[in-house]
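Have a look at the model below, and then we'll walk through a few of its pieces together.

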Amino acid sequence: MAKYKYILTVIITLCTITTFAQPAQYTPMTAAGYQMKRLKVDSTLHLPSFCGVPTILGSTAKEGALAIDTCGGFLYMWTRTAGWDTVNTSGGGGGNQDLQSVLNIGNTSINKDISLYGKTIANEVYISGMDNNFMPFMALGDSIGGGVYQYTYPQATIEFINKYMSQKLKGQDSTRSIIYLPVQTIDATDTLAKLSDVRAVSGGGGDFWKTSGTTILSGADTISSTTGILVFQGGEEDMAKFSVSANDIILSPISGSLTFPNLSSTINDTSFYKPLVRGTDASIRQATSWYGGGGSTIDTTNQFVKRLDRTPGKDSIIYFVGGNRFAIKDSVGTNPAPVGYYGAFQDTTTQTALVINTAYGVKLGVTDLTNGVTIANNSKIKIANAGIYNIQFSLQLEKTGGSGNMIADIWLRKNGVNLQGTTGKVVLTGSANASPVVAAWNYVIAVSSNDSLELMWATSNDNVVIKATPATSPHPSIPSSILTVTQQSGIMAGTGISPLDTANMLSNYARINLVNTKLNISDTATMLSSYSTRINGKLNISDTSALQRKSISAYSIMANKTSASANVTAQSFRDTSGVYDGTITWTGTTAPSGATNHTYRLTQVGKCVTINISLLYATNGTAISKLIATLPSNAPTPVQPTGLTSALQNIYVANGQYITSTNTTANTILRTTLRNNTSNNGFEFLIEGVSNTVAQVNIICQYWTN
Amino acid sequence: MHIRQKYNTTDKNIEIAYTVVITTDWNLPLNQHPSIVEHPELFEISEDIIPEDAQYLNYI
């Protein structure tokens, strides 16, 4: 290498001399070659020139040689081992300075162990900072904002630096399987690396998740685990770049869905559950409280049902809220158990009366069934809930000795007070062995909640006992007393049977019985099905279909218009009135005038119509000789008698009356008639007479219609 | 245009008889009709619309 440097120096020197010398003339030396010990050239040394790679001439096979490629601008040297090769002015061909020494130039940090290996594959440059196992670090300066080359040793750190601040990827471990992203606040104006720029190592790894704390991906796009829930922030394009290689979470920017395909079907979590809600910072997190529709907080401790069960074979749904167990019994299914309050009690001891004619409570020491009904003080029946209850009892009464009739009285006491009308008297006769008798009856009684009932007994002879007997084959034991309590309304709930409405039932029964009596119905077994028949029979109605009992046609009346007995048929019937709306034409000097009150009233029975028209005025008309008033529009159309169908023919007689405004009846003869009108397409009343003063007209007419 | 009997009240809340003089066969001007000529104090010529419930008068 030193030789080449020497030659290069000489050449450069000669070239410099040549450059600045004056043009010269050279004397040719024509021999094939010359050899000399030393050659000193004062002015210019010319070298053989070629266009391209030089060629060997003469005996230079064993000697070195120089030549110039004037076309390519290269200086070539000849060695026996390498042949012609360029003398590279970029340094590739000279010196013995290694890369470390070059890197050390201007760098106060000297570390001779730095090695740099690089290769280019598919436009990606892979740089390894390791040439052995002792220097696992690498530092890079970015190209933005004039960043500088830095590193931190001995931490395994990748540091990005811009003109304002640095971003470090710290804590890279020896296996380089985890990259921890920087967490410090960044300058929004800087260009930063994003999560989408992070690439997993080919073949595995790339797990950048932290198990605690917060990992900032870039900018506002963050994943936080501070509350145990991942918080995703950022634009859609940022989320679209997010994925987990394990395929545990899939974010779809198209459908907007978040799916967990590898989520186990079973979640073992002993804590209570809370729904995920959107936080005020747009994150998804656990709800910390439950809010009702009105905004008020309710039961923040046990606000969620944490488990639902259904016991096979049972007709109920069981759920848990906190540590409490609840059950819902549905109404779907068969054999619903009756609900209501009840109690069943007995006593297995023989009960005696220490003093005759003294009240003792019947003992009920054994509880067989209980639901809202309990025994207190061995004999008092405590009923917790108000209602109607049936009290049924039986007492095994016996004589233990003595002769003659002995009496036991049994009655009911409520809240310590004897209930009137509840006593029953039982007489025991015969010898002791022949005396056993069971006294049994029931009471139906209304009680209030927490009322106390007590079955009392007294006897006229202390030989009377309520006897309990052990089991003797073939019968089981005989309790001294048995008493059952059943709630009357509740016991039937759920069974589809409604309690009897005794009050209305009695009333209804009385009515039915009255009807039966009136109809002389004694056959109650068939009376329900034969009511209609019997009623029709009593009324002598054979054709019940024609009997309209509730609704008949308008303007009709049911009647028999024939001369013989027959079913009624619909006949016309009308009784109406209103404002007269016909046309009035007077003949005279002046018509009655002023305020008017024109009315009509008509009644139609069958085909006969009676109509009255009253025309009242405030002021007299004068010299009235004729009035024509058409039939009101609401009046039935008159039937024209045979031969009276022409215009102006009088068809029915009418009566008319003129009255003055001073209520004076005109003392004149008026001819009044109902006639066909001039056009013979309607009907009108005509009142005609001598000249009169008129303020009121009354017309009455009876005619027939079809 | 028709001849009507003059109103004798102005109370509009009361149903007032509106009487029209029949002039069907009268071919001369209405102002020559006997009702106007003989009793102009009782009749007048009107261009109002004849109400539906008007009554009519054959003036004699």
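## Two hairpins in a row

In chain A, a hairpin links strand S3 to strand S4 through 3 residues. S3(A) covers residues 74-79 and S4(A) covers residues 83-86; they pair in the antiparallel sense over 4 bridges, with Tyr76(A) and Thr86(A) as bridge partners. Strands here are DSSP runs of E, at least two residues long, and helices are runs of H or I of at least four, both numbered from the N terminus. Two strands count as paired if DSSP finds at least two bridges between them.

S3(A) also pairs with S2(A) (residues 65-69), antiparallel, through 5 bridges. Asp69(A) sits opposite Phe74(A) there. This hairpin has 4 residues between its strands, and Gly73(A) in the turn has a positive phi of about 75°.

## About the model

This is a predicted model: local features need pLDDT of at least 70, side-chain atom pairs count only at pLDDT 80 or more, and totals for chains, interfaces and linings use all residues. Residues are numbered from 1 along each chain as its sequence is written, while chains are lettered from A and ligands numbered from 1 in the order in which they are written.

## Chain A overall

Chain A has 5 helices and 39 strands.

## Where the chains meet

The contact takes 15 residues from chain A and 15 residues from chain B, where contact means C-beta atoms, placed from the backbone, within 7 Å. On chain B's side, strand S4 (residues 55-59) gives the most, with 5 residues. S4(B) runs parallel to S34(A) (residues 584-588), joined by 4 bridges, and Trp586(A) has Leu57(B) as its bridge partner.

Note on methods: Two residues are in contact if their C-beta atoms, placed from the backbone, lie within 7 Å.
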